[in-house]
Amino acid sequence: MKRQIVGFRRRQNSCEDYQGLRFVMVDVVQSGHSMLKNRQVILVHLDAAPKPPRGAPCNGCGICCLLEPCPLGVILSGRRHGACIAVRWQDDVRQYRCGALCEPAAVLRHVLPARLQRLTPGLAAGLAPILARWAQRWIAVGQGCDSSLDSALAKQPLADAKIH
């Protein structure tokens with residue numbers, strides 16, 4: 001599937017739930033058929049860097065993880081579409097990071113069933129180092145941007161977004 005970022009919208013309202021976010025519109029084109037495309041809108045932190053070209057070092061823009069989860073994210077999220085539940089915004093470095101790497105115990109506490117956590121206290125903390133090791137391999141740490149999104153069109157803002 002070819003994906004193309006078609007632009008972004010800066011938030012222009014007082015809705016606190018979306019404060020500090022921008023709207024990124026992504027056209028998802030299936031197998032090069034321009035007639036078979038759908039448009040997705042994802043919310044990205046205003047301070048996030050623009051998406052780098054494919055193969056360039058990852059800059060923590062978060063576009064790939066906010067659009068759809070990686071294979072590890074599919075397991076953690078239980079879904080193949082939409083934002084990964086493990087993606088985390090980190091204010092100190094102004095980047096998105098994989099929670100399976102930077103906060104594995106918190107991610108596990110979120111995804112493990114409450115009953116299982118009650119039966120085996122400390123399970124999330126015990127499994128956290130294993131999850132962090134898997135995450136390094138599954139998200140290809142240090143391999144560069146592997147997102148097929150074309151970011152060439154994301155330079156020009158679309159009309160201001162309105163939340164009703």
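The legends below describe an overview and several close-up views of a predicted model.

**Figure 1. Overview of the protein.** The protein has 6 helices and 6 strands, where helices (H or I, at least four residues) and strands (E, at least two) are DSSP runs numbered from the N terminus. From the N terminus on, the order of these elements is β-β-β-α-α-β-β-α-α-α-α-β. Of its 164 residues, 35% count as buried; buried means under 20% relative accessible area, exposed means over 50%, and partly exposed lies in between (1.4 Å probe, protein chains only). The accessible surface comes to about 10100 Å², and 53% of this area belongs to carbon and sulfur atoms. Accessible areas come from the Shrake-Rupley method with a 1.4 Å probe, and for residues only the protein chains shown count as cover. Among contacts (heavy atoms within 4.5 Å) between residues at least 6 apart in sequence, 51% join residues at least 24 apart.

**Figure 2. The largest nonpolar core.** A nonpolar core is a set of buried Ala, Val, Leu, Ile, Met, Phe, Trp, Tyr and Cys residues joined through side-chain atoms within 4.5 Å. The largest one has 13 residues, of which L72, L76, A86, A100, V107, L108 and L131 touch the most other members. Two or more residues come from each of α2 (71–77), α4 (104–111) and α6. Helix α6 gives the most, with 4 residues. A second, separate core has 10 residues, including V44, A48, Y96 and L149. In soluble globular proteins, nonpolar side chains tend to be buried together. Leaving aside residues up to four places away in sequence, L108 touches Q117, A124, L127, A128 and L131.

Figure 3. L127, I130 and W134 make a nonpolar surface patch of about 270 Å². Patches consist of residues with over 30% relative accessible area and no salt bridge; like charges are joined within 9 Å, and nonpolar side chains (Val, Leu, Ile, Met, Phe, Trp, Tyr) within 5 Å. A salt bridge is a side-chain nitrogen of Lys or Arg within 4 Å of a carboxyl oxygen of Asp or Glu. I130 lies in helix α6 and is partly exposed, because its relative accessible area is 31%.

**Figure 4. The surroundings of R88.** R88 belongs to strand β4 (residues 87–90) and counts as buried, because its relative accessibility is 19%. The side chains of R88 and E103 make a polar contact (3.0 Å). A polar contact is a pair of N or O atoms within 3.5 Å; within protein, one must be able to donate a hydrogen and the other to accept it, and residues adjacent in sequence count only if both atoms are side-chain atoms. Not counting residues up to four places away in sequence, R88 touches Q95, Y96, R97, G99, C102, E103, A106 and V107.

**Figure 5. H45 and W89.** H45 is placed in strand β3 (residues 37–45). H45 counts as buried, because its relative accessibility is 16%. Its side chain is joined to that of W89 by a polar contact of 3.4 Å.

**Figure 6. S147 in its loop.** S147 lies in the loop between α6 (123–138) and β6 (149–150). This residue is buried, because its relative accessible area is 10%. With residues up to four places away in sequence left out, S147 touches K51, R54 and C64. The C-alpha atoms of S147 and I63 are separated by 8.4 Å, although the two residues are 84 residues apart along the chain.

**Notes.** Residues are numbered from 1 along each chain as its sequence is written, and side-chain values use heavy atoms, with hydrogens and water left out. In this predicted model, local features need pLDDT of at least 70 and side-chain atom pairs count only at pLDDT 80 or more, while totals for chains, interfaces and linings use all residues.
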